[in-house]
Amino acid sequence: MSVAVTLEPPPAAQAALPRGRGRWAALPLKAKIGFAILGLYVLIAIFGPTLAPHDPSATKIVTQAAAPSFSHLLGTTSFGQDLLSQVLVGIRSTIVLGLLAATIATVLAVLVGVTAGYVGGAVDELLMLVTNIFLVLPALPLLIVILGYLPHTGEIATAIVLSALGWAWGARVIRAQTLALRNRDYVAAARETGERAWRIIAFEIIPNEVSLIAAGFIGVALYAILTSVALAFLGLTDVNSWSIGVVLYWAQSQGALELGAWWWWAIPGVLVALLGMSLVLINYGLDELGNPRLRETGGRVDDRGHVILRGRGARVQIVRLRRRRQRHTAVTDPTPVVIEARP
Amino acid sequence: MRFVARRLGFYLVAAWAAITINFFIPRLMPGNPVAALLGKYQGLPPDSARTLEVEFGIGHQGTLLHQYWIYLGNLFQGNLGVSSSQYPEKVTTVIGQVLPWTLALVGTATVIAFLLGTLLGIFAAWRRGGWLDQSLPVATFMQATPYFFVGLAAIEVLSVKLGVFPYGGGSAIGLSPGFNWTFLSSAFNHSVLPATTIIITSFAGWMLTMRNVMITTIGEDYVLAAQAKGLPRRRIIFSYAARNAILPNIAGFSLAIGYVVAGALLTEYVFSYPGIGLMLYNAVTSDDYPLTQGIFLVISLAILLACLLADAVYVLADPRARTRGSA
C-alpha cells in the first residue's frame, strides 16, 4: 500500500536573506539589472511629462515624418508631432496601468488564495471553482470583447478589467502554499495559544509567502503592460490620451511601415520590450533566489556534469549527485509535488 | 473514478459559465447591431428594425430569463444567429470560412515552436552553462517583446525592404481556396512570415520550462545509475532524463492546442491574415454582436476541451497523478 505525501514547493528563500544592504548584494545579477531598468522607467514615469520638450499632441504642417535629428531626438510623426515627448508622456500611463492592475490582481489573489487555503472545506471548493473558471476563460478575446464594447475606456477601467482576468493563477499558487503552511508546527502552536485566525494569517502565514506574492505581482504587471499595449495598439482604448501603445496605434494606422518611418514604431516597440525584459529578469532573479538549482553557475560544466566556478580559486563540485530530501520542482510548476512513500 | 467525475463536473460548470458570460455581454453593453446595420444600408423600411432584431436574436422581448432559455435552445441546435457585418451570412458559416486559415497557420506554428523549444531545452539542460544555456537571456528578451513589434519588424525588413515574402491576406488577391498548386503555394508564401514570428516569440517559453524541469531530473539517482551502467549518452538524455521532464511541457502543449482555435489575434491583425482572430476584431469593432458571441463561444469551448485533454494526458502519462486521483 502506498500513501500519498504532499511536499510543498520549496519554502520561500527570503528567510535566508540578510537584512539591509546585504539584501541587494544577495540578489542575482539578473534581478539587479532588472531592477535598475525598471527604476529608470519609474523615474521617467514620474518626471517624463515635465521633461518633455514639446506638447506631444501639438501638430505642425510637415511634408513627411522626420527621422531623428537634433531638433527632434526621436524624430516626428507624419503630423509633425515630437516622438520623444510622446514617449516621455506616454510611459507614465503605461507604467501606472501596469502597476495598478498588478496591485488589484495581487490583492485579489492573496484574499482568495489565503482564504481558500486557510479556511478549507466548502469555502475552498467554491473559491477554487471560481478561480479555475477564470483560469480557463480565454483572456485576450474576452478583453477585446469587453473593452471593444465599453465606450471611451479610461485607464482605470482598463486596469480593472485586466486585473479581473489576471488574478486567478496567483490565487492558485498562494492557496497551495497556504495549505502547506497551515499544517506547519509553528502555525499549529499559534492556534493552540489561542491566536485569532486573522492574526495567524496576517503575521504567520502571509510573511512566509512574500516571495510568491512578489513573483505574482511582477508576473501580472508584465501581463498587464504587454496586454494593455496590445489593446491600445489595436485601438481599443482611448487613442487620444498618450501611452506607448497609443503611439504604436498611430504609427500603425498612419502607415508608418509603408512610409519607411521606422523610428515611429521601432523606438516605442523597443521601449516596451525593454520594460518587459526588466520584469522578466526580476522574476527569474527571484526564482533563482528561491530555487538554488536554477542559480547561475557562473562557470562551465565539465563532462561529468560538475560545475567549475571561475574566479574563486577553487573547483567546486556541486553536490548534484547527493540525494536530496526536498525535491525542488521548477518554480514554473508551483503545484505541490506528490510522491509515493512506503509506510 | 471520483476524480474523473469531479473534473468532468468542473468542465460542465466552466462551460456553463462561458455560455452565460457570452449571453450577458451584449446585453450589458451599449451599442446596437441593428442600428449599425440600418446605418449601413440607408433607406430600409422602418419595420425592418423589428425583423432584424428577431433575426439577430437580440430583440429585448420577454423577460431576461425567457431570452436566456431561447438563447440556450438556439445554442443546442447549433444556431448562432446571423452576422450583422457580413449580412446575411450565418455566424456558423463565417466561422467555418475563417477557422481553416487559423488552424493551418497557428496550428503548424504551435507544433513547430513546441518541438523546437523542447529540444533546445533538453540540450540547454544537458550542457548546463554551455553556449545554448548561456543564450537563454536572449530568448527571454523575445518572450518579453510585444508580439506585434516582432511582426512589424519582420514585415519592415523581409517584406517592405527586401521583398522576400508577401504580406497582407492569406493568399494572393483573387485566388479562391482549393487544392491546386497556385493557391497552395501562394498560401504557403503568405504564411511563412506570420508563422515564423509566432515561433520566434513562443519557443522560449517551452525551452525554459523544459530546461528547468530537466535540470531537476538530471540530478536524480536513476540518471546517475544509467550513466554508471555505461548507457549511450543519447539514451540517457532522451529515455531517462528528458522523458521524465517532459510532462509539464506536454500538458502545456495540449492547452496550447486549445488556444490555436483562439487564433493569434495580433498576428492575424498585423499580417491582415484572414483567420478567426482578425474576424473577432472586425466583429467587435463593427458592433457585430452575434458574430462576436459566436466566435467567443467557439474559442471558449475549444479551450475547455483542450484543458480536459491536458488533464487526461497528465493522468495517462504520470502514474503519480493517478494515485492522487484515487487517494
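Start where the two chains meet. Helix H5 of chain A, residues 139–149, packs against helix H14 of chain B, residues 276–285. The angle is about 15°, and the axes are 9 Å apart. Angles under 35 degrees count as roughly parallel, so H5(A) is roughly parallel to H14(B). The crossing of H5(A) past H14(B) is right-handed. Bear in mind that this is a predicted model.

Which residues make that contact? On H5(A), they are Pro141(A), Ile144(A), Val145(A) and Gly148(A). On H14(B), they are Leu280(B), Tyr281(B), Val284(B) and Thr285(B). Sort the residues of this contact by class, and you get six nonpolar, two polar and no charged.

Look at its backbone. Ser272(B) is not a glycine, yet its phi is positive, at about 45°.

Now chain B as a whole. How many helices and strands does it have? The tally is 16 helices and zero strands. The chain has 327 residues, and 41% of them count as buried. For contacts, take those in chain B with a separation of 6 or more. Of these, 73% join residues 24 or more positions apart.

Two packed helices are described by the angle between their axes and the distance between the axes. Here the pair is H2(A), residues 29–51, and H3(A), residues 83–119. Their axes come within 7 Å and cross at roughly 140°. Roughly antiparallel would need an angle over 145 degrees. H2(A) is therefore oblique to H3(A). H2(A) passes H3(A) in a left-handed crossing.

What does each helix bring to the contact? H2(A) brings Tyr41(A), Val42(A), Ile44(A), Ala45(A), Gly48(A), Pro49(A) and Leu51(A). H3(A) brings Leu88(A), Val89(A), Ile91(A), Arg92(A), Ile95(A) and Val96(A). By class, the contact of H2(A) with H3(A) has 11 nonpolar residues, one polar and one charged.

To put the two pairs side by side: H5(A) passes H14(B) right-handed, while H2(A) passes H3(A) left-handed. That's my tour. Thanks.

Notes. Residues are numbered from 1 along each chain as its sequence is written. Chains are lettered from A and ligands numbered from 1 in the order in which they are written. This is a predicted model: local features need pLDDT of at least 70, side-chain atom pairs count only at pLDDT 80 or more; totals for chains, interfaces and linings use all residues. Helices (H or I, at least four residues) and strands (E, at least two) are DSSP runs, numbered from the N terminus. A residue is buried if 20 or more other C-beta atoms lie within 10 Å of its own, exposed if 12 or fewer, and partly exposed in between; C-beta atoms are placed from the backbone. Two residues are in contact if their C-beta atoms, placed from the backbone, lie within 7 Å. Axes are lines fitted to C-alpha atoms, for helices over the stretch in contact, and angles run from 0 to 180 degrees between N-to-C directions. Angles under 35 degrees count as roughly parallel, over 145 as roughly antiparallel, 65 to 115 as roughly perpendicular and the rest as oblique. A crossing is left-handed if the near helix is turned anticlockwise from the far one by less than a right angle, and right-handed if clockwise. Ala, Val, Leu, Ile, Met, Phe, Trp, Tyr, Cys and Pro count as nonpolar, Asp, Glu, Lys and Arg as charged, and the others, Gly among them, as polar.
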